[in-house]
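Morning, everyone. I have one model to walk through today. Please look at the picture while I talk.

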Amino acid sequence: MIRRTSREWLSDEVPAEPAPGLSWEDIAVLHDALLRLAPPCRELLLALYFDPEKPSYAEIAARFDRPVGGIGPMRGRCLQRMRGLLDEGSP
Amino acid sequence: MTAPTGSSGAAGRPDFGTLADWLEGRLDAEQADRVAAAVERDPGLRAAVDWLRGFMRCAEALPLRTPPPLIRQQLRQHFGRWSKAKAILEQPVVRLPAVLMFDSRLDRPLTAVRGAADAEVIHLAYRSDLADLVIDIHRLPDGRLRLEGQVLPIEDSVAPVFEATATGPGIEVRTIDGDELGRFALSPVPIEADALQVGNGELVLLAPLDLRRG
């Protein structure tokens with residue numbers, strides 16, 4: 001049977017609208033492409049572009065145990081893979 | 001469109017990383033000028049820059065959360081159907097009547113529902129050939145109702161997220177969202193609503209409602 005807690009779960013946790021300027025479809029496509037990236041690339045792009053704390057390259061390098069100078073080139077490769085995945089999903 | 005390649009934007013054609021550095025202001029003035037000039041004359045680089053700008057804008061605005069389950073399921077169904085054979089596209093949605101099997105009001109007096117501040121909940125249970133449906137009805141302070149339901153498919157293969165619509169004369173109340181346990185909620189529903197339709201894009205259950213009876 002239905003649990004009493006379903007009231008909170010339905011109305012409070014589920015956002016009615018996505019962020020301004022984006023459709024849920026945009027978000028789902030981006031989300032799925034991120035999931036399809038290999039974990040190192042996914043984690044790097046999440047840290048660089050999606051983390052609201054905007055960590056510096058030095059912080060990210062420490063987190064990934066990589067030299068700071070390697071972050072930029074790795075980011076370039078990961079962005080290119082991301083672009084390839086999103087292009088694959090385009091009609 | 002040719003993708004930017006090469007290891008460095010310092011001398012040759014700027015690569016993707018260099019373009020990102022340029023957009024993020026990480027290059028010195030001389031390097032930035034070189035990249036700007038290259039982008040100006042190369043349509044492939046302009047396309048790459050446009051993509052990077054779009055990606056960064058999306059990333060800025062993107063909440064790091066998964067879309068609601070119902071939206072995800074609908075999108076997956078759309079993509080799935082789109083990529084499969086036409087025969088699947090043409091498969092009709094199965095519409096089934098749901099038959100009322102249990103109504104808690106039959107055993108309870110009217111005043112028990114309307115009287116107390118913490119009003120009792122009415123329980124309904126329906127059955128169909130492919131799924132059972134249970135509904136809890138809560139009375140709101142303004143006399144309208146909140147319906148909380150759950151679809152219990154008989155087979156695991158049924159898509160689990162359902163949305164619901166309560167209808168009646170001049171009435172149409174839809175769910176905001178459902179979850180992956182088949183639960184949904186409708187509110188506020190006028191007592192004049194006389195039908196409930198619950199569907200997941202493949203299966204629709206049609207259940208009669210009698211909300212006037214206490």
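Val99(B), Met101(B) and Phe102(B) make a nonpolar surface patch of about 290 Å². Keep in mind that this is a predicted model. Where does Val99(B) sit? Its place is in strand β2 of chain B, residues 99-103.

Now to charges. Side chains of opposite charge can pair when their charged atoms come close. How many salt bridges are there over all chains? The count comes to 13.

Take one of them. Asp21(B) and Arg75(A) meet through their side chains in a salt bridge, at 2.5 Å from N to O. Asp21(B) belongs to helix α1 of chain B, residues 16-23, and Arg75(A) to helix α5 of chain A, residues 68-88, so this pair joins two chains. Are the two partners buried or exposed? Asp21(B) is buried, with a relative accessible area of 17%. Arg75(A) is buried too, at 0%. And the pair is part of a network: salt bridges link Arg75(A), Asp21(B), Glu24(B) and Arg26(B).

Two other bridges lie within chain B. Glu148(B) pairs with Arg146(B), and their closest N and O atoms are 2.8 Å apart. Glu148(B) counts as buried, at 2% relative accessibility. Arg146(B) counts as buried as well, at 11%. Then there is Asp132(B) with Arg127(B), where the closest N and O atoms are 3.5 Å apart. Here Arg127(B) counts as partly exposed, since its relative accessibility is 47%.

Last stop: a helix in chain A. This is α4, residues 57-64, where Tyr57(A), Ile60(A) and Ala61(A) are buried. These residues cover an arc of only 100° around the axis, so they lie on the same side of α4(A). Why would residues with such spacing line up? An α-helix has 3.6 residues a turn, so residues three or four places apart point the same way.

What covers the buried residues of α4(A)? The cover includes α3 (39-50) and α5 of chain A, together with α1 of chain B.

One more detail. After α4(A) comes Asp65(A), with a positive phi near 55°.

That's my tour. Thank you.

Notes
Residues are numbered from 1 along each chain as its sequence is written. Chains are lettered from A and ligands numbered from 1 in the order in which they are written. This is a predicted model: local features need pLDDT of at least 70, side-chain atom pairs count only at pLDDT 80 or more; totals for chains, interfaces and linings use all residues. Side-chain values use heavy atoms; hydrogens and water are left out. Patches are made of residues with over 30% relative accessible area and no salt bridge: like charges are joined within 9 Å, nonpolar side chains (Val, Leu, Ile, Met, Phe, Trp, Tyr) within 5 Å. Accessible areas come from the Shrake-Rupley method with a 1.4 Å probe; for residues, only the protein chains shown count as cover. A salt bridge is a side-chain nitrogen of Lys or Arg within 4 Å of a carboxyl oxygen of Asp or Glu. Helices (H or I, at least four residues) and strands (E, at least two) are DSSP runs, numbered from the N terminus. Buried means under 20% relative accessible area, exposed over 50%, partly exposed in between (1.4 Å probe, protein chains only). The arc is that of the directions from the helix axis to the C-beta atoms. Contact means heavy atoms within 4.5 Å.
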